[in-house]
Amino acid sequence: MMLIEETAPAAEALPVAALRGHLRLAQGFEGPEDAAETAALAGFLRAAIAAIEGRTGKVLLKRRFRMQLDDWRDRLGQALPLAPVHAVERIEIDDGSGTVTSLPPEGWRLVPDLQRPVILPTGVVLPHVPRRGSVTVTFLAGFGETWAEVPPDLAQAVLLLAARYYDDRSRDERHHAMPFGVSSLIERWRAVRTLAGRGNREWR
């Protein structure tokens with residue numbers, strides 16, 4: 001599977017002010033904020049968001065993703081690797097010879113589960129993917145477009161982790177382990193992997 005993030009979180013959606021307050025950084029009253037500091041804080045937040053999303057499989061801020069598969073994991077239903085999914089915009093099958101066919105939306109439906117969203121066929125099975133071909137699914141995922149829509153525990157975990165990155169910025173040795181407080185906050189959101197079905201297919 002290849003998963004590509006087509007759009008990044010919008011800069012204005014990042015909680016830079018909240019991180020600045022958490023770090024108790026001084027804010028200027030006589031002039032504009034330090035642009036370099038703001039850019040640095042935004043970078044720490046993006047890194048923290050990526051780490052939290054990687055551990056949980058949950059997308060915090062809404063954006064577009066593209067998933068490419070050599071074939072369906074299961075033609076009875078294809079699980080998506082991220083949640084929550086708001087919409088599947090399109091599904092395309094490449095026959096391996098350069099011909100790409102867009103599947104009609106009436107041929108499938110999205111089951112938007114918070115843990116394991118799935119694309120189900122409206123018929124018996126999902127369409128056949130040629131042996132040398134591939135299938136590409138483009139979808140929108142995320143809790144919302146603003147930081148206020150992110151669940152409070154995940155939002156707090158991002159601030160704690162971004163603050164750790166800020167504190168470690170000048171150290172020669174980096175702490176790669178997730179801080180205990182962050183791990184505790186995200187534990188209930190972590191994706192559960194199960195093996196089910198013929199051939200021990202993995203659903204996530």
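This is a predicted model: local features need pLDDT of at least 70, side-chain atom pairs count only at pLDDT 80 or more; totals for chains, interfaces and linings use all residues.
Residues are numbered from 1 along each chain as its sequence is written. Local features need pLDDT of at least 70 and side-chain atom pairs pLDDT 80 or more, totals for chains, interfaces and linings use all residues, and side-chain values use heavy atoms, without hydrogens or water.

Strands here are DSSP E runs of at least two residues, helices H or I runs of at least four, both numbered from the N terminus; two strands pair if DSSP finds at least two bridges between them.

**Stop two: F44 and Y166.** Rings of Phe, Tyr and Trp (its six-membered ring) pair if their centres lie within 6.5 Å; planes under 30 degrees apart are stacked, over 60 edge-to-face, the rest tilted. That rule gives three aromatic pairs. F44 and Y166 are edge-to-face because their planes meet at 90°, with centres 6.0 Å apart. The pair joins helix 2 to helix 3, across 122 residues. Both F44 and Y166 are buried (under 20% relative accessible area, 1.4 Å probe, protein chains only; exposed is over 50%, partly exposed in between).

**Stop three: F65 and F139.** This pair is stacked, at 5.9 Å and 20°. F65 lies in strand 2 and F139 in strand 8.
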